[in-house]
Amino acid sequence: MRGLIMVLLALEAAGLYEHLQADTAGSILHPFFLQFSHHPWHGLRAWDLIQPAFMFMAGTAMAFSLHRQQTEGRSWNYSFRKALKRSGWLFFWGVLDYAVRPGGLSFELWDVLTQLSFTCLLAFLIFRWPAKAQIAFCAGLLVLTELLYRCTHVPGFDQPFTDQHNFGNYVDWLLMRKINRGGWVAINCIPTAVHTIAGVLAGKLLLSNAPPPKKIRALLLWAAIALAAGYGLDGANITPIIKRIATSSFVLVSLGYSLLVLTVCYWWIDVGDHRRHLAFFTIVGMNSIFIYVFFEIVGDRWFTAYVGAVTNGLMQLAHIPLIAQGIITSCCVFALEWGLCYFLYKKKIFFRV
């Protein structure tokens, strides 16, 4: 599942979806490819679920990692130092991703790795709590989010669900002296911590001795509860589904879908033992943080443009239609990035933070 998420992110970073959307404008295929971009504000598209699933799987992986450390007899202090170091590196790479701009250096906290550094550390600190206590903590995070947006009446930032005029924008102005023009806010790390903590709980369930049917029923039940609550809040006009400020309704809906996808993967792969043809995704998932940093920093600033200059030049000589050049170039960029992951996989080189 993590590998699938990273493959989708790598294709997006290579520009494939952007080219497909542009090339299908006005056709019946355009609404489909539009699902591979974020919704502008109130609403939900398939691409809005990728980042929550990424953070959810980080929590699931954490459950397996900490379980292994416990079976090896590692102390809590050892695990805490490791978690703290990991969060520090995630924060560093997240800030670096947005730091280098054409106009100079910039300090921004909107990257997913920056937010993951907070959510992973928080999930670790409550890892040993009983499941009910962790669920109550998640509910508290969502309630806190609602209160911050609804009850903090800062002049100019007192419209809870209005772009550029909400509490999240105010916090960004305090922290960075800037507001994201796309509507993203740094305090998304508070509600989206629910994704990572829920991933931990799902991982613990998968590690338990419960029979597979019971695990599947539990995952489906919590998926149904999250989806019903999220869509219910939106449908009743209480809290709209807005991914860019991670409203509580969005967090619940996206969590529900993440649980559904995990359930399908568990049922198909672990229970059904359908393990063939999964290496394509596993290879990327084994170096998820590395490849994310690569295509976000190296790819965005040099690699993609360099490959495009070569491929587009060759395709122009071959008189390839312009409409196809962008798609072919994106596929070439992705193939090279996947090849890099394959090389690391074969050499058993796995970057950890």
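Student: By class, which residues does the lining of the largest pocket have?
Tutor: This is a predicted model. The classes here are nonpolar, polar and charged. The lining of the largest pocket has 8 charged residues, 9 polar and 27 nonpolar.

Student: How much space lies in the largest pocket, and which residues are closest to its centre?
Tutor: The space comes to about 1500 Å³. There are 44 residues lining this pocket. The closest to its centre are Arg-2, Met-57, Thr-60, Ala-61 and Gly-285.

Student: Which element gives the largest share of the lining of the largest pocket?
Tutor: Look for the element that supplies 11 residues to this lining. The largest share comes from helix 4.

Student: Let us turn to the second largest pocket. Which residues lie nearest its centre?
Tutor: About 1200 Å³ of space lies in this pocket. Its lining has 38 residues. Those nearest the centre are Glu-12, His-38, Trp-47, Tyr-98 and Glu-296.

Student: Which helix gives the most to the lining of the second largest pocket?
Tutor: Six helices each supply at least two residues: helix 1, helix 2 (16–23), helix 4, helix 5, helix 6 and helix 13. By class, this lining divides into 17 nonpolar, 11 polar and 10 charged residues. The top contribution is 8 residues, and it comes from helix 13.

Student: Which residues of helix 4 meet helix 1?
Tutor: From helix 1, the partners are Arg-2, Ile-5, Met-6, Leu-8 and Leu-9. By class, the contact has 9 nonpolar residues, 1 charged and no polar. On the helix 4 side stand Ile-50, Ala-53, Phe-54, Met-57 and Ala-61.

Student: Why is helix 4 called oblique to helix 6?
Tutor: Helix 4 and helix 6 pack with their axes 11 Å apart, at an angle of about 40°. That angle makes helix 4 oblique to helix 6. Angles under 35 degrees would count as roughly parallel, and 65 to 115 as roughly perpendicular. The value that decides it is about 40°.

Student: In which hand does helix 4 pass helix 6, left or right?
Tutor: Handedness is a separate matter from the angle. For helix 4 passing helix 6, the crossing is right-handed.

Student: How many residues of each class does the contact of helix 4 with helix 6 have?
Tutor: Helix 4 brings Gln-51, Phe-54, Met-55, Ala-58, Met-62 and Leu-66. Helix 6 answers with Val-112, Leu-113, Gln-115, Leu-116, Thr-119, Cys-120, Ala-123 and Phe-124. By class, that gives no charged residues, 3 polar and 11 nonpolar.

Student: How do helix 2 and helix 14 run relative to each other, roughly parallel or roughly antiparallel?
Tutor: The axes of helix 2 and helix 14 (residues 322–346) come within 9 Å. They cross at roughly 160°. Angles over 145 degrees count as roughly antiparallel. Helix 2 and helix 14 are therefore roughly antiparallel.

Student: Which residues of helix 14 make the contact with helix 2?
Tutor: Helix 2 passes helix 14 in a left-handed crossing. Leu-16, His-19, Leu-20 and Asp-23 make the contact from helix 2. From helix 14 come Ile-323, Gly-326, Ile-327, Ser-330 and Cys-331.

Student: How many cavities of 30 Å³ or more are there, and how much space lies in the largest?
Tutor: The count comes to 2 cavities. Residues lining the largest include Leu-66, Trp-76, Phe-124 and Arg-128. The space in the largest cavity is about 60 Å³.

Student: Which helix gives the most to the lining of the second largest cavity?
Tutor: About 40 Å³ of space lies in this cavity. Among its lining residues are Thr-145, Glu-146, Tyr-149 and Phe-161. The top contribution is 3 residues, from helix 7.

Definitions and conventions:
Residues numbered from 1 in each chain as written. Predicted model: local features only at pLDDT ≥ 70, side-chain atom pairs only at ≥ 80, totals over all residues. Heavy atoms only, no water. 1 Å grid on protein atoms, 1.4 Å probe; cavity = no way out; pocket = protein on both sides within 12 Å on 5 of 7 lines; lining within 4 Å. Points joined across faces, edges and corners; volume = space filled by probe spheres on them. Helix = DSSP H or I, 4+ residues; strand = E, 2+ residues; numbered from the N terminus. Nonpolar A, V, L, I, M, F, W, Y, C, P; charged D, E, K, R; others polar. Axes fitted to C-alpha atoms, helices over the stretch in contact; angles between N-to-C directions. Left-handed = near helix turned anticlockwise from the far one by under 90°. Contact = heavy atoms within 4.5 Å.
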